Every structure is written in C-alpha cells, then in structure tokens.
Amino acid sequence: MFGMIVGVLFGLYAMAAVINVVGVIIGAVFSGVGFLFGGIFSSALSGEGLAVGIAIGLVWYFLRKRNAALQSET
C-alpha cells in the first residue's frame, strides 16, 4: 500500500516536471515570435517598415485570391 502511494506521488511529480519543461519550451517559442513581431511593428512607421507591410499585404491578398480561385475550380 505504501509503495503504491509513493509510486502515484512519483508519477504525479514526473508529470509536473514534463508539463513544466513543455511550458518552458512553448514560452520560449512565443517569446521569440513576440520579439520578431515587436521588431517588425516597432519599425512600422519608418519608410522601410511601411514598404514591407504593403508588400506583405499584397502578397497575402494575391495568394488568398489564387487559393480561392483554385478551390472554386475543383
């Protein structure tokens, strides 16, 4: 009985450790993505940032338009 209790507690401890590691990895990924978006939007008022924003918007618009046309054909 005591061994079963210790086993359950150890299992819970191991699961908590795995969840913490996964949380750290996910947090690092979102931190990196946030840093990249922050860098993009902080320079959005400059001429280069405005040109990049317009270019990304146009590419996205034409890709969505092309995907919609391809799906309507099938």
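Of the 74 residues of the protein, 1% count as buried, where buried means under 20% relative accessible area, exposed over 50% and partly exposed in between (1.4 Å probe, protein chains only). The model is predicted: local features need pLDDT of at least 70 and side-chain atom pairs pLDDT 80 or more, while totals for chains, interfaces and linings use all residues. Residues are numbered from 1 along each chain as its sequence is written, and side-chain values use heavy atoms, without hydrogens and water.

The protein exposes about 6,600 Å², and carbon and sulfur atoms supply 79% of that area (Shrake-Rupley method, 1.4 Å probe). Its secondary structure consists of 2 helices and 0 strands, taken as DSSP runs (H or I, at least four residues, for helices; E, at least two, for strands).

Leu-9 lies in helix α1 (residues 2–42). With 55% relative accessibility, Leu-9 counts as exposed.

The count of aromatic pairs is 1. The ring centres of Tyr-61 and Phe-62 are 5.1 Å apart and the planes are at 70 degrees, so the pair is edge-to-face (centres within 6.5 Å; planes under 30 degrees apart are stacked, over 60 edge-to-face, the rest tilted).

| Residue | Relative accessible area | Class |
|---|---|---|
| Tyr-61 | 47% | partly exposed |
| Phe-62 | 48% | partly exposed |

Methods: Phe/Tyr/Trp six-rings, centres within 6.5 Å; stacked < 30°, edge-to-face > 60°.
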